[in-house]
Amino acid sequence: MSLLRPVRVRFAPSPTGELHIGGARTALFNYLVARASNGTFILRIDDTDLERSRPEYTDGLLNSLRWLGLDWDEGPYFQSQRLEEYNRAAARLLEEDKAYHCYCTPEELAAGREAARKAGKPYLYPGTCRDLSQEETRAYLAAGRSPVIRLRTPDRGETVVRDLIRGEVRFDNSNLDDFIIVKSNGLPTYNFASVVDDALMQISDVIRGEEHLSNTPRQQLCIEALGYEAPRFAHVPMILAPDRSKLSKRHGATSVEEFRGRGYLPEALLNYIALLGWSPGEKEIVSLSEMVSLFSLERVNKTAAIYDTNKLTWMNGHYLREAPLEQLTEKALPFFEAEGLLHAPVEGNELDYFQKIVDTVRDRVKTLAELAEASTYFYRDDFSYEPKGVEKHFRKEGTDELLRRAADLLRKLEPFELDSIEKAYRSLSEDLGISTGRLIHPTRLAISGKTMGPGLFEIIVLLGRNRTVERLERAARWIG
RNA sequence: GGCCCCUUCGUCUAAUCGGUGAGGACACCAGCCUUUCAAGCUGGCAGCAGGGGUUCAAAUCCCCUAGGGGUCACCA
């Protein structure tokens with residue numbers, strides 16, 4: 001890393017949609033670079049596209065970032081509020097004759113592109129307005145045309161982009177035309193605004209998605225024209241959908257908010273996306289702070305990654321089991337509310353009960369949504385019995401009687417505790433000359449409606465004597 | 001189509017300057033544990049896109065082919 005200037009990085013999304021995992025990873029890598037080098041992480045909203053930008057997307061972006069724990073040091077800055085800066089820069093280029101007004105209409109340009117397409121030739125802006133006379137300019141103005149501003153780019157030579165991940169990438173200038181830097185509505189284009197801002201904000205490292213690599217020579221040209229010092233570039237590989245195409249809405253869950261809504265933990269999502277394009281070394285389970293000390297852009301690979309929810313889900317299960325109980329319970333609450341099991345202020349005995357449930361159920365689920373879903377019978381009596389469980393455990397002759405015996409046993413058992421219940425169950429089955437399983441399986445089905453779940457005796461203790469006995473008797477009646 | 005980038009198990013990845021039985025994780029399969037389901041533990045399946053070079057030696061360097069992706073807007 002250069003010692004010449006402090007590390008300042010930026011994440012600059014455009015507010016045209018939710019934060020998806022590709023953007024989240026870009027944000028993460030920026031964050032890691034900043035934190036590792038005692039630098040500054042800046043958030044900038046690139047909202048120069050009036051049509052597509054929406055304030056609510058900005059809110060969503062900030063929310064997602066906060067939820068992930070990727071806190072920024074400066075910003076958010078909004079490009080839409082920095083127009084004077086771009087105007088000033090453009091005026092300077094105009095003055096130095098490094099840029100010029102172009103009065104071609106979108107229709108004329110489209111016609112040119114179409115002609116080139118028909119001829120099978122690549123289209124480049126032909127430089128029609130490159131050297132207009134004053135009369136020509138006056139005529140266009142009189143005709144009411146409002147111009148764009150184009151950068152005068154070299155016809156020969158090459159533009160070299162130095163990329164931390166990919167090395168030197170060379171582009172032949174003959175393939176680059178005089179592109180637009182200011183639109184006819186006075187707003188800068190992306191390439192221009194981002195160069196101006198990166199320079200003004202003294203960004204040392206531009207870390208962004210690979211889709212920007214092809215744009216970089218244009219930015220490089222802007223940088224040179226404006227006499228700026230170029231930042232280091234790092235184009236991180238793309239994250240592709242399972243069908244190898246670019247991430248989009250039609251690929252199921254791709255946004256941070258969606259994963260959040262499905263009950264994924266931020267630490268799991270962060271850990272998972274960090275592994276896309278980067279490897280922390282021997283252990284893959286790493287916290288954000290561990291990532292900070294292990295990360296380096298040099299170790300980011302060049303290959304696009306296809307994301308696979310399997311591993312994320314597994315990882316989420318891991319974090320679910322490792323999380324401190326109080327925190328996990330807090331995070332689970334909205335999901336229990338959504339299932340209609342709990343209502344907001346949960347405290348006292350109710351909280352105690354809630355925590356115990358979370359603790360026993362979390363071992364066998366992978367998301368918070370599953371956690372709540374798998375906990376319903378702790379709160380509701382109106383569950384039905386799993387059909388295949390009924391076939392397997394209720395059908396056998398005498399099962400109703402077995403359940404009544406169990407109910408009788410539990411009704412007067414003292415003390416009513418995990419060990420004593422288990423002991424009682426085992427000796428009852430021994431007395432009856434049956435396997436403990438013969439007693440356990442129907443009991444589980446009777447009190448939870450399910451054939452699988454936490455240890456039976458744990459469920460019984462949580463439900464308590466009354467509800468257990470009631471449910472056993474109800475099942476016995478249902479069978480008989 | 002032009003330009004640019006990329007190519008290790010199904011997926012994510014590791015393999016210091018070329019010498020490895022190509023390692024790990026998820027998924028999958030099997031076993032153990034066990035009242036169920038998980039978890040956990042153990043084991044298994046599975047990969048250097050293809051072809052040429054260079055070299056004593058190539059996943060690693062070079063070239064070609066194929067494939068994938070990105071970008072070519074008054075979008076970012």
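Mentor: On a 1 Å grid over the protein atoms alone, a pocket is an open set of points where a 1.4 Å probe fits, with protein on both sides within 12 Å along at least five of seven lines; lining residues have an atom within 4 Å of a point. A volume is the space filled by probe spheres set on the points. The model is predicted, with local features needing pLDDT of at least 70 and side-chain atom pairs 80 or more, while totals for linings use all residues. Residues are numbered from 1 along each chain.

Trainee: How much space lies in the largest pocket, and which helix gives the most to its lining?

Mentor: The space in the largest pocket is about 1,300 Å³. Among the 42 lining residues, S14, T16, H20, E211 and H212 are the closest to its centre. With four residues, the greatest contribution to this lining comes from helix 1.

Trainee: At what angle do the axes of helix 3 and helix 6 cross?

Mentor: The axes, which are lines fitted to C-alpha atoms, come within 10 Å for helix 3 (residues 83-95) and helix 6. Angles of 65 to 115 degrees count as roughly perpendicular, and helix 3 is therefore roughly perpendicular to helix 6. The crossing angle is roughly 105 degrees.

Trainee: Which strand does strand 5 join through two bridges?

Mentor: Strands pair if DSSP finds at least two bridges between them. R150 has I180 as its bridge partner. The strand joined to strand 5 (residues 148-151), in antiparallel fashion, is strand 8.

Methods:
Chains lettered and ligands numbered in written order. Heavy atoms only, no water. Axes fitted to C-alpha atoms, helices over the stretch in contact; angles between N-to-C directions. Parallel < 35°, antiparallel > 145°, perpendicular 65-115°, else oblique.
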